[in-house]
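Please take a few minutes to walk through this structure with me, one piece at a time. Have the sequence and the 3D view ready, and turn the view whenever a new part comes up.

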Amino acid sequence: MKPASFDYLRPATVADALAALAAGGDDARVIAGGQSLMPMLNMRLVQPRLLIDLGRLEELRSLRAEDGWLTVGAAVTQAEVLARPTLAREVPLLAAALPWVGHVQTRNRGTLCGSVAHADPSAETPLCLVASGGEVVLRNAKRRRTVPAADFFLGPLTTVKAADEIVESVRFPLARPGSGHAFREVSMRHGDFAITACAATVDGERASLAVGGVADRPTLRSWPLTAGGLPPDLDDALNAFAWDLGGDDDQHATARYRRDLVRRIGRTVLEEALSCRR
Amino acid sequence: MPPLTSRPPTTPVLAAETRHAVSVVLNGTPRTGHAHPRLLLSDFLRHELGAHGTRVGCEHGVCGACTVRLDGVAVRACLTLAVQADGRRIDTVEGLAAANQGRMTALQEAFRRHHALQCGFCTAGILMSLTDYLGRNPKPTEEELRDMLSGHLCRCTGYAGIVRAVMDVTGQAGGVPARGPAEGGHV
């Protein structure tokens with residue numbers, strides 16, 4: 001499997017990249033780590049005329065925690081974020097989920113922004129972004145706009161990002177004191193796409209559960225705590241959530257199995273998040 | 001945040017139908033070849049530079065056979081374009097013994113001793129992953145090691161011999177029997 005022909009641009013600046021993207025229209029694609037795009041190029045599922053490589057742009061390599069957000073630039077790899085010593089304190093959900101993203105060898109090149117732009121419904125990074133109430137910073141040649149993660153994903157491989165925009169960075173809110181976080185997923189093998197992935201956040205007032213791999217996009221639901229604990233009717237609430245997600249049968253699992261996983265892993269991660277609050 | 005500007009690109013586009021010079025440092029030696037933009041690094045290494053040690057399996061990043069080190073870091077050569085490797089350092093399986101006075105490294109010897117390969121197709125990729133990984137984590141637990149190995153498919157060994165070889169070469173052979181009957185090789 002080899003990619004179809006394309007022109008290749010390694011721009012010197014983000015402005016150059018955006019100008020080329022605006023000129024290229026729908027025939028241009030950007031690549032950073034390439035760990036989602038390269039398989040699609042190799043299988044010729046996408047055949048751009050122009051490939052614009054953001055991977056070496058220093059402007060996109062920012063990884064910083066300030067003003068309550070962890071901001072991850074488009075050229076920052078999953079391995080670099082995972083190796084950040086303060087990650088477990090800053091965004092504990094991401095620290096728990098990133099080891100499930102692909103394998104060591106793909107995390108060395110794959111980026112968080114690329115995963116978000118790719119928008120696979122079972123991918124862990126979009127799930128964490130939705131679960132934590134993160135934001136996607138989009139930029140084209142003329143303007144920059146910030147979209148809440150909850151509004152960014154429209155469906156499988158589909159987002160609100162326009163053809164002339166790049167995901168310049170993604171922003172995760174820093175974990176607040178007194179909050180707890182937990183992540184679990186079920187896949188055929190570790191590193192495979194999740195059949196169902198669950199990310200839970202519990203703070204002083206609410207318990208939230210985001211689910212990936214069932215609906216056509218990562219989906220969040222939250223409930224108020226009852227007397228400082230999980231709601232007494234949580235099983236019913238999780239059952240309703242599981243049905244509302246509307247999963248389908250596919251070659252990996254049945255919709256019924258996926259609903260079962262939402263009920264069971266959903267409860268498990270909520271309990272874990274509740275018990276690890278600090 | 002940097003200011004937003006709009007101007008035409010100043011860097012040249014590499015045309016699709018032209019072969020472009022790609023210079024790398026392959027196993028310590030500067031090498032130059034030519035590549036269309038669409039050429040994968042795995043094919044560039046094999047067909048352009050004649051470095052056949054790197055194997056090509058699935059070509060979509062699943063099997064790990066083509067794993068090489070790019071600036072020291074283990075990556076899939078089939079998920080990297082040759083033009084992306086321009087100006088960078090690439091280490092492949094050929095470089096292991098070459099950097100060891102032509103003799104197999106301790107890791108390779110351990111692979112032989114513990115039957116960590118049968119057909120050998122996956123071996124080059126696994127060795128390149130391990131040389132990167134063991135540099136950062138010199139004494140991995142078996143669980144950590146199996147997690148790293150999950151990025152490689154080996155259909156011969158069941159991974160048991162590979163795990164034994166690594167435990168041996170990292171001085172942790174005590175907990176792992178040299179040869180075991182019918183061990184679970186689940187990764």
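Two strands pair if DSSP finds at least two bridges between them. The strands themselves, like the helices, are DSSP runs numbered from the N terminus: a helix (H or I) has at least four residues, and a strand (E) at least two. Keep in mind that this is a predicted model, in which local features need pLDDT of at least 70 and side-chain atom pairs count only at pLDDT 80 or more, while totals for chains, interfaces and linings use all residues. Residues are numbered from 1 along each chain as its sequence is written, chains are lettered from A and ligands numbered from 1 in the order in which they are written, and side-chain values use heavy atoms, with hydrogens and water left out.

Let us begin with pairing in chain B. Strand β4 (residues 67-70) of chain B runs antiparallel to β5(B), and 4 bridges join them. Within this pair, B:Val68 stands opposite B:Val75 of β5(B). In general, the strands of a sheet pair through backbone hydrogen bonds, either parallel or antiparallel.

Now look at the whole sheet to which these strands belong. In chain B, 5 strands make an open sheet with mixed pairing, in the order β3-β2-β6-β4-β5. Because β3 (29-35) and β5 (73-76) of chain B stand at the edges with a single partner strand each, one side of each has no neighbour in the sheet. On average, neighbouring strands here are turned by 40 degrees against each other, direction ignored. (Axes are lines fitted to C-alpha atoms, for helices over the stretch in contact, and angles run from 0 to 180 degrees between N-to-C directions.)

Which helices pack on this sheet? Helix α1 (residues 41-48) of chain B does, touching β2 (20-26), β3, β4 and β6 (89-91) of chain B, and its direction makes about 105 degrees with that of β3(B). Helix α4(B) packs on the sheet too, touching β4, β5 and β6 of chain B at about 40 degrees to the direction of β4(B). Touching, or contact, means heavy atoms within 4.5 Å.

The loop between β4 and β5 of chain B holds B:Asp71. Its phi is near 50 degrees, a positive value in a residue other than glycine. Most residues other than glycine have a negative phi. B:Asp71 counts as partly exposed because its relative accessibility is 36%. (Buried means under 20% relative accessible area, exposed over 50%, and partly exposed in between, with a 1.4 Å probe and protein chains only.)

Next, find helix α5 (residues 142-149) of chain B, whose buried residues are B:Leu145, B:Arg146, B:Met148 and B:Leu149. Seen down the axis of α5(B), these residues fall within an arc of 160 degrees, so they line one face of the helix. The arc is that of the directions from the helix axis to the C-beta atoms. Among the elements that cover them are α6 (104-107) of chain A, along with α4 (123-136) and α6 (160-169) of chain B.

Step back and chain B divides into domain 1 (20-96) and domain 2 (101-173), with bounds that come from an automatic or database domain assignment. Their contact takes 19 residues from domain 1 of chain B and 14 residues from domain 2 of chain B. Together the two domains bury about 1,300 Å², 64% of it on carbon and sulfur atoms. Buried area is the accessible area (1.4 Å probe) that two parts lose on being put together, summed over both.

Strands β6 (residues 135-139) and β10 (residues 166-173) of chain A pair over 5 bridges, and A:Val137 stands opposite A:Ser169 in β10(A).

Finally, see how the chains meet: 45 residues of chain A are in contact with 48 residues of chain B. The area buried between chain A and chain B is about 3,800 Å², and carbon and sulfur atoms give 52% of it. A:Tyr8, A:Gln105 and A:Arg109 supply 19% of the area that chain A buries against chain B, more than any other three residues.
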